[in-house]
Amino acid sequence: MAGYKPVAIQTYPILGEKITQDTLYWNNYKTPVQIKEFGAVSKVDFSPQPPYNYAVTASSRIHIYGRYSQEPIKTFSRFKDTAYCATYRQDGRLLVAGSEDGGVQLFDITGRAPLRQFEGHTKAVHTVDFTADKYHVVSGADDYTVKLWDIPNSKEILTFKEHSDYVRCGCASRLNPDLFVTGSYDHTVKMFDTRTNKSVVSVDHGQPVESVLLFPSGGLLVSAGGRYVKVWDMLKGGQLLVSLKNHHKTVTCLCLSSSGQRLLSGSLDRKVKVYSTTSYKVVHSFDYAASILSLALAHEDETIVVGMTNGILSVKHRKSEAKKDSLPRRRRPAYRTFIKGKNYMKQKDDILINRPSKKHLELYDRDLKNFRISKALDRVLEPSCTIKTPEITVSIIKELNRRGVLANALAGRDEKEISRVLNFLIRNLSQPRFASVLINAAEIVIDIYLPVIGQSPVVDKKFLLLQGLVEKEIDYQKELLETMGMMDMLFATMTRKESTAASDGLLENKRIES
Amino acid sequence: MEEAAAARVVRCGGSELSLRRAVFSADSKYLLCVSGDFVKVYSTATEECVHVLQGHRNLVTGIQLNPSNHLQLYSCSFDGTIKLWDYLDGILIKTFTVGHKLHALFTHAHAEDSVFVTINKEKPDVFQLVSVPLPRTPRQDAEAGEPRLVLDHISPSPKCVAFGGQGDYVAAVRDFYLSVYFFRKKATSRFTLSSSENRKHAKNNFTCVACHPKEDCIATGHKDGKIRLWRGFDDERKYTYTCLHWHHDLVMDLAFSATGSSLLSGGRESVLVEWRDAAEKTKEFLPRLGATIEHIAVSPAGDLLCTSHADNKIIVIGRNLEACAVIQGLVRDSRVLTGLMVDPRTKALVLNGKPGHLQFYSLQSDKQLYNLDIVQQEYINDCGLVQIELAKAAFGCFGAWLATVEQRQEREGALELQMKLWAYNKKTQGFLLNTKVSAPHEDCITALCFRSADKSDVPTLVTASRDGRFKVWVLADDSDIYRKAEGWTCDFVGSYHKYQATNCCFSGDGSLLAVSFEETVTLWESDTWELRSTFCQRAGRVRHLCFGRLTCSKYLLGATESGTLCCWNLLSCALEWSTKLSVSVMEPDPHSENVAAVARSSGGSDLFVFKPSEPRPLCVQRGVCSEEVLWGVFVPRDVPEALTSEALQWLNRSQFYFLTASQSLLTFSSKSPEEKLTPTSKQLLAEESLPATPFYFLLGRHRQQRGEQTDGAAESERVQLPATENVPAVSELLHTPAHVLPSAAFLCSLFINSLLLATEAPSAEGMPEDAEMEEEGERDSSEEEEAAPEKAQQAGLTDGGPGGDEAEALRQRLSKCEKELRKLRRVDYSWVAVP
């Protein structure tokens, strides 16, 4: 026959943001550490190699921070003017940066003076990057040109003059040493091939391009400009895959999560949005205090670093999972006890008899199954249950009421136990989702314990508190009714034509109110 | 050609299975139970109904196996007859007429030629246990002998009478006393419980009694949940009793196991309790059986027991207290709130079942298909508890969606209301919970209907409530990147001057919604939810509302509480016609324009079938039943019938079923009673033998005729078939490697012998072992004698032509076998005779 049916715990929808795996993942960061820089933070770049230091470009300096340091562990300040786009090489040993005066400088991260200086641009260089073979540097400048430099002999190899406006962003392919992408204020994103001396693919973003990003596979290109983030399929010759418009202001920076499953975009509207790269839906968003200029994620998403226009660098570290290990682990039975008899292979003439699997029941369900009603109620009145999951307590009270034994379960309690019941009532009585059940329970409690009132000062105090709560609630309801009366009057003055619509609206309002 | 002027009202299935204790056959293969006017024979292994024993003209009130022949069954009925059946073949053997209304039947091994029945002679509430001698006559119908009084003033329930295991006493209980009649002494002893007299509110009334099969021990159940075991009751002063107490409510039934080693008891807790060695300490339980245990029966072999339950269910339980089969009929709930519905997929009738369940009941096979657990909560069976009731249900979108409303209202407490929407899952072939809406309205929901729309449209549901609103619910996409999901959300809330919404209905094409608010009917556009028009007749609250179908779709019908039936024309927005008729049920036929209305009148309920467009009703049938009709429904027929009579034409496409206040499910049948009574088993046999193709109709008859001519040839063919398969000796012979076998000459005679015995033995066993039909038995054996030489010859031929003398020897051996077989059979009989 059918087994015991566990008590259905009434679930209540949580208003506001839904809890999903993503919100849990992206909320699992500590409170941000704020570091003040000298000017707007235009670029943050993590070293791809341990110990995962990061370079922060702000004003005329480049600061290198360790992962948990609040002070820079190294500073490059040999710039005459504003520095731009300090970027690590793939091995984490070289750093390249552009500057306002048109120079491109290459640093060894252990040294202080630049190793190489590439002179050739006439205007500010806003983007630099290493190619996949590590021996070349790509730079884009406000003089509309894109240049390719050779590191060993610090020579200019190629110059591309296909853009018709400032080149503000670029990105080299991680796989092919000959391919790189640049985005420009002429609304185009162009992919160049060093073997052909000209662009191979050009796509029109429609807005001045602020940031470009190539997927690790090189098949997808993401461009940001204006309020749009657009994803292009490069394997189909630059076909627009999806256009995202989730920001209110210009999108300034893009970043991929370490797994490649999520795309992050930062914008001047002070938000970072996280997209799924399969459905391109926003799955999470962060708020920041100021407009965001730069954004970077550490290895394994351990740290999120966001640079803002007011020169504040916000660093968020992931919460460590070491806490769980600190608890002494209970010794469990060995694995073989669980598979005992399960891996038996049936022989030819054997008749296999399966033992019916035992259904797991919660402790309160086990008590209810055996009709131990007071014990079941005691169990759900434990502080751990009442604070974390009051809906379970309410559901059990409701179930006891359905079984017609609530009065029996509440009766015969001593001072400590009854104060526990009263505490729960005081805490939850005024919540509309629990009110109907708890008012009934409160009435029963008052009926049962009325004769012994005055014997315990602790319980008397609780009763007074409950009384005050009820009075407050009544006043509140009165006010609400008054408000509703006023609103009714307002709606009544509307024209006859709109009366039906208005009454619907009123109904809606009433539902919200109630 | 004559045709019946009007359709007859027939009761269709759903009779109570748990009216009386079920009876096991001696080998526990079959379970026999009463079911209305019939006795049903179920197989305990497959739960299938094997035979329906039809013949009684009134409620069957008792069945017992014939103690002298366990393949026969006695049954008694309110029609005053006792019938003897061969339940294996479903044949009525004899009918004995007693003349009184018989309330219960008992048999006893030591009183072979008489049975005991409970009758009431003079006053309506004085019942007597009498012994009725049954005459031994070869005739089919016989008058039973004059009844002899055994015990007077007994309870009419068969649970209150029990016969001692050795047959020397009978115990009966009533109110506060236990009376035991000793057959030898011809005296009655009476025992009363001492406490019962003093205390006014003592609740130790006797409820049931059972006797130990071996010892002199009587167990009695009491209203306060106690079980008393009486011993030494042959002396009125020296008797003792012990008390067993576990039940907290009255003990409904008691039964001793076949050997008497344990006592079984059950009650309203729906827990079967087994008391081992009649001790309080050693008891075992089988809990959660679903409903109050009404009866407990134990098989004579002792390997099975069964419990009959108040929800029309019999559970067959193995000796280790594990349920092994469930025979479930139509559950009769006292309150059918959901009304009758038809599941569009299975064509099953759907209504309230067990508390909190929706039952799907197959009308064709009179069987419950399955139970859908709506409330999904532990059911506590206790009197005075307010249970969650399944108040409303509706199918939508061709059976793809099911909406249910459950409510619980305590006397002064708040109303708990919950609406659930179930999606049909093709993979599991069942309904899965999709959306749960708690408190969809502030007051009771009065009506619920889906929009009957095309597959492309969004599924839409409308609920009307007493809180003065109706709500429109639509299926909305609720999916995000993690999962695909859809759920129901409220789309529109409508009201009309804050009147209570009493009913709602969609037009056939789903473009219009009619909602009745007390006396007013409002029409809403279903695309924009705009109020289009209102009709008000000032003739009381509108109770029923429905749109005309097909060619009559421009009409809207409404029936009010004060007894007016109105028909509005939707094109002219005016009243087309109205009539005085206090309609209690109004149902449109989904396959035609017809509308059936059942009205309450002084002489019972009257049925009117009419088309909204025509002023004259198609069919008027007065007095379809004497009580109020609560619900009705049209069930579409699988194959349309071709009834030409004008009064019956409305039954062509669908059949009308209705449920009366006393929970009986009735329908209309155009067939004559004889036709209706043709056993389905016969039809089945014909169908099994040949598929009914056009070829069959051409050739099947021809073959049947020829088959009669060539009977002998066919028989010889039949002989050969089972021989090679069933006989273990032959199979062994055929499967043993040739090199380890003895020589073929040695094996030959052995082989043939085994063949002969094997074909005879099953036929001997399978023959109806009937002592009273001696003539028939003789004829049978002579037939066998004729057949046997043929078989022998056949076997000889296959062997490869043995000589004539060999055949002779074979024949002799065969006759020897025959004799042995006879002996065996005789032995068999003697074994049978011992109970």
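**Legends: the chain A and chain B model, view by view**

**View 1. Where chain B meets chain A.** Here 31 residues of chain B are in contact with 28 residues of chain A, contact being heavy atoms within 4.5 Å. Keep in mind that this is a predicted model, where local features need pLDDT of at least 70 and side-chain atom pairs count only at pLDDT 80 or more, while totals for chains, interfaces and linings use all residues. Housekeeping: residues are numbered from 1 along each chain as its sequence is written, chains are lettered from A and ligands numbered from 1 in the order in which they are written, and side-chain values use heavy atoms, with hydrogens and water left out. Between them the two chains bury about 2400 Å², 51% of it on carbon and sulfur atoms; buried area is the accessible area (1.4 Å probe) that two parts lose on being put together, summed over both.

View 2. The rule turns up one salt bridge across the interface of chain B and chain A, and the side chains of A:Lys5 and B:Asp373 meet in it at 3.0 Å, N to O (a side-chain nitrogen of Lys or Arg within 4 Å of a carboxyl oxygen of Asp or Glu). Four residue pairs are also in polar contact across this interface, both residues at pLDDT 80 or more. A polar contact is a pair of N or O atoms within 3.5 Å; within protein, one must be able to donate a hydrogen and the other to accept it, and residues adjacent in sequence count only if both atoms are side-chain atoms.

**View 3. The strands on chain B's side.** β37 (415–425), β41 (469–477) and β42 (486–495) of chain B each supply at least two residues of the side that touches chain A. The largest share, three residues, comes from β42(B). Strands are DSSP runs (E, at least two residues), numbered from the N terminus.

View 4. Is B:Ser18 buried or exposed? B:Ser18 is buried, because its relative accessible area is 2% and buried means under 20% (exposed is over 50%, partly exposed in between; 1.4 Å probe, protein chains only). A polar atom of the B:Ser18 side chain lies 2.9 Å from the backbone oxygen of B:His309. Leaving aside residues up to four places away in sequence, B:Ser18 touches B:Glu294, B:His295, B:Ser308, B:His309, B:Ala310 and B:Asn312.

Note on methods:
Helices (H or I, at least four residues) and strands (E, at least two) are DSSP runs, numbered from the N terminus.
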